[in-house]
Amino acid sequence: MDYNATTPLEPEVIQVMTEAMREAWGNPSSPYPTAVTFVPVSKVSGQVEVEDILAAVRPATCLVTVMLANNETGVIMPIAEISQRIKALNRKRAASGLPVILVHTDAAQALGKRRVDVEALGVDFLTIVGHKFYGPRIGALYVRGLGELTPLYPMLFGGGQERNFRPGTENTPMIAGLGKAAELVTKNWEAYEAHMRDVRDYLEERLLAEFDKQRIHLNSRFPGTERLPNTCNFSIRGPQLQGRVLLAQCRTLLASVGAACHSDQVDRPSPVLLSCGIPFDVARNALRLSVGRSTTRAEVDLVVQDLKQAVARLEGPPGARGAS
């Protein structure tokens, strides 16, 4: 009587396992030859170039995925043009019997800060996540013409929830919260965008005014390139002013040196900034400040003053900067 320790297999379980050993004998963790091509961004615009995407397409290519807005620089990628060009390419590929290329964009960083319209973007898949636009930490996937125009296959199996695409009981409170957050964005995105742009622009003006313009480098400004209205990525030049070191000296400011998903990089400069052509010694000093719906100009003033005092503490009196 030790059924708490273990239990025997039911006959039905043995049958399923036997079938799996007979039919699904391959190692699911084996490195099967699925090729992925990474396309760099332009050092001039900070964007991925449409022509570079098309040049990377191979006969076996089946998916192109590009983020709508970069989470460190805020740069908006030319998703609508990429979708249009891929659709035109698909017509030619169909005549040659090549697979259709589907287009996916990760809109997590963009939604809630600018207009996001799947029809205008022309994508087949679009992902969002609630905690980026004042909703709960739950995501959603948009699929154009699910099952008719765009194929989708489940990764998990079990119950028939979510039309058999994902098993498990739905998290109703989180789903409701995501829906309400999306509803608020639909109604108010123009006001949100205008407010955040005003405060972000004021922040950059104050940084340039309070620090020597030769010391401030606005890492997310690329000539002629659109960016998110709330994102300011900048560096204060100086050998002692690495991003993490500077933040540790701040008394008021809570911010990031880059993306949370790259937090394991410790003191290494952001690979995103380096790929955009930002020099190493500038990139390692980077801070990413992102304003929100309730951020005020008064808060910006406090943050800039906090940064000035932190820089002063790190560099010491003006006469001591050159001594070491």
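Reader: Which residue in β3 is the bridge partner of D106?
Author: In β3, D106 is bridged to T127. Helices and strands are DSSP runs here (H or I, at least four residues, for a helix; E, at least two, for a strand), and they are numbered from the N terminus. Please keep in mind that this is a predicted model, in which local features need pLDDT of at least 70 and side-chain atom pairs count only at pLDDT 80 or more, while totals for chains, interfaces and linings use all residues. Residues are numbered from 1 along each chain as its sequence is written, and side-chain values use heavy atoms, with hydrogens and water left out.

Reader: OK, and how many bridges do β2 and β3 have?
Author: Strand β2, residues 102-106, pairs with β3 in the parallel sense over 3 bridges, where pairing requires that DSSP finds at least two bridges between two strands. On the β1 side, 5 bridges join β1 to β2, again running parallel, and T65 has H104 as its bridge partner in β2.

Reader: What's the strand order in that sheet?
Author: The sheet is open and holds 4 strands in the order β1-β2-β3-β4, with mixed pairing. Its edge strands, each pairing on one side only, are β1 (63-67) and β4. On average, neighbouring strands are turned by 15° against each other, direction ignored; angles of this kind lie between N-to-C directions and run from 0 to 180 degrees, with axes taken as lines fitted to C-alpha atoms, for helices over the stretch in contact.

Reader: Which helix packs on it, and what angle does it make with β1?
Author: Helix α3, residues 79-95, packs on this sheet and touches β1 and β2, and its direction makes about 170° with that of β1. Contact is taken as heavy atoms within 4.5 Å.

Reader: Is β2 enclosed or open?
Author: Strand β2 is largely enclosed by the rest of the structure, because 4 of its 5 residues are buried. Buried stands for under 20% relative accessible area, exposed for over 50%, and partly exposed for anything in between, with a 1.4 Å probe and protein chains only.

Reader: How many bridges between β6 and β7?
Author: Strand β6, residues 231-236, is joined to β7 by 5 bridges in an antiparallel arrangement, and one of the bridge pairs is F234 with L287 of β7.

Reader: How much space is in the second largest pocket?
Author: The second largest pocket holds about 860 Å³. A pocket is an open set of points on a 1 Å grid over the protein atoms alone, with protein on both sides within 12 Å along at least five of seven lines; unlike a cavity, where a 1.4 Å probe fits but cannot get out, it is open, and lining residues have an atom within 4 Å of a point. Grid points are joined across faces, edges and corners, and the volume is the space filled by probe spheres set on the points.

Reader: Which lining residues are closest to its centre?
Author: Of the 23 residues lining this pocket, G139, A140, L141, E162 and R166 are the closest to its centre. Strand β4 gives the largest share of the lining, 5 residues, and both β4 and α5 supply at least two.
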